[in-house]
Amino acid sequence: MTDITHHTPDALLAAYAAGTLPQPFALVVAAHISLCLKCRAAFEAHQAIGGIVLEGFDAVEISPDLKTNVLSLLDAPDQESDVYARTGVYPGPVMQALKGKPPRWRRLGGGVKQNILSADESGSVRLLYIPPGQAVPDHTHGGLELTLVLQGSFSDETGRFDVGDLEVADEDLDHTPIADYGAPCICLAATDAPLKFNSVLPRVLQPLFRI
Amino acid sequence: MTLISAQLSPLTAQMLAVRDARDRAAFAALFDHFAPRLKGFIMRSGTGSGQAEEIVQDVMLTVWRKADQFDPQKAQVAAWVYQIAKNRQIDVLRKENRPLPEELKSDAQDSGRTDTDAGQILAVEQEALQLKEAISKLKPDQREMIEKAYLGELTHQEIKAQTGLPLGTIKSRIRLGLERLRHDLKDVR
Ligand SMILES: [Zn+2]
């Protein structure tokens, strides 16, 4: 494990623990925690506070059947959900989003490729593959953007981001991340801005390519 | 374990009995403690009584079925149950599968828990008590903000904007948590 220097801010971790973070960001935070002990410990601290809040709740009367029901179901077979292990550079939660399969890259031009993992009104999250020296595409911010490095590294005006580092950018940050020389840079990137029109393609093709 | 179980909080002792001995009486006691609180917790976010009870049922069944994932060296029972409840709320109410971090394999899980560190468990309980006390000493409006944040009533932007949130209290706990993880990893490697 390399030394991670760019971590998840506390407000994002708290929102993730409380379940209020939109799905695309929750995936990036879950992936970062998978790689980062510091943020895992912080996440556990937030869970501890959540537990204290839960403990502080006044008991509400429950129907008498509920306990009988639960106790009668203890021997019922459990539906096991699939657990996806880390594969190569992809942490478990990313493998889950990929449903256990390798990424299916789509070309964006300039050797840059992407695999959209999800996109809806809450935002989008995708894997990006950027050859050395190329710019990370579409860094025009409408809102919050989280970028987690999974392989290689990139640099921009704010510094250098290596494997495990998380860059948090909002509309105030105007930056141009460029993949460093070395291995191609693979990142997991989430944004709450609508997926943007890319100058390479005419607007009519945008729904087709979901840039 | 028997030597120190007298010092453990009743909830931790019950949860360990469920995990290690599949003790139904201990589970029933946990149910009596958590189910009514969980119902209040879930209804607070606007869920009706019927659906809240369905979620409580799922959460308590998960406590029973996934008991082997409970690690008192890392988390208190309430913190673990909180996370299960949050996961279930998101699955049911938002119809999403919540992305979860990879499980950290600790030495306890790898070695069949022959060397559960009693001191570590007690340290976790101690920390939680201190944290609880620190929160109870906050001003009422700060306490309310903490409650809102962890109930899930604030967005991350709103949490960030809450400059009054006593993050120092949280941070002190984070340091201890990190020590614990280091301890775990040292034994794995
Ligand atoms: Zn981190």
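This tour goes through a predicted model of chains A and B, one selection at a time.

Residues are numbered from 1 along each chain as its sequence is written, while chains are lettered from A in the order in which they are written. Because the model is predicted, local features need pLDDT of at least 70 and side-chain atom pairs count only at pLDDT 80 or more, whereas totals for chains, interfaces and linings use all residues, and side-chain values use heavy atoms, with hydrogens and water left out.

**Stop 1: the strands around Ala189(A)**

Select Ala189(A), which lies in strand 9 (residues 185-191) of chain A; strands here are DSSP runs of E with at least two residues, helices are runs of H or I with at least four, and both are numbered from the N terminus. Ala189(A) has a relative accessible area of 8%, so it counts as buried, a word that means under 20%, with exposed meaning over 50% and partly exposed in between (1.4 Å probe, protein chains only). Leaving aside neighbours within four places in sequence, the residues in contact with Ala189(A) (heavy atoms within 4.5 Å) are Ser124(A), Val125(A), Arg126(A), Leu128(A), Leu146(A) and Thr147(A).

Now select strand 3 (residues 123-130) of chain A, where 7 of the 8 residues are buried, so the strand is largely enclosed by the rest of the structure. Strand 3 pairs with strand 9 of chain A in the antiparallel sense over 7 bridges, where pairing requires that DSSP finds at least two bridges between two strands. To see one of these bridges, select Ile130(A), whose partner in strand 9 is Cys185(A). Strand 3 also pairs with strand 2 (residues 112-120) of chain A, again in the antiparallel sense and over 7 bridges, and a hairpin of 2 residues joins strands 2 and 3 of chain A.

**Stop 2: where the chains meet**

Colour the two chains separately and look at their interface, in which 67 residues of chain B are in contact with 60 residues of chain A. The area buried between the chains is about 5800 Å², of which carbon and sulfur atoms give 65%; this is the accessible area (1.4 Å probe) that the two parts lose on being put together, summed over both.

The rule finds 3 salt bridges across this interface, a salt bridge being a side-chain nitrogen of Lys or Arg within 4 Å of a carboxyl oxygen of Asp or Glu. Select Arg86(A) and Glu102(B), whose side chains meet in a salt bridge with N to O at 2.9 Å. Several helices of chain B each supply at least two residues of the side that touches chain A, including helix 4 (49-65) and helix 7 (118-136). Helix 3 of chain B gives the most to that side, with 14 residues.

**Stop 3**

Lys39(B) lies in helix 3 and Glu53(B) in helix 4 of chain B, so the pair ties together parts that are 14 residues apart in sequence. Both Lys39(B) and Glu53(B) are buried.

Next, select Arg44(B) and Glu147(B), which form a salt bridge with their closest N and O atoms 3.1 Å apart. Arg44(B) is in the loop between helix 3 and helix 4 of chain B and Glu147(B) is in helix 8, so this pair ties together parts that are 103 residues apart in sequence. Arg44(B) is partly exposed, at 35% relative accessibility, and Glu147(B) is partly exposed as well, at 30%.
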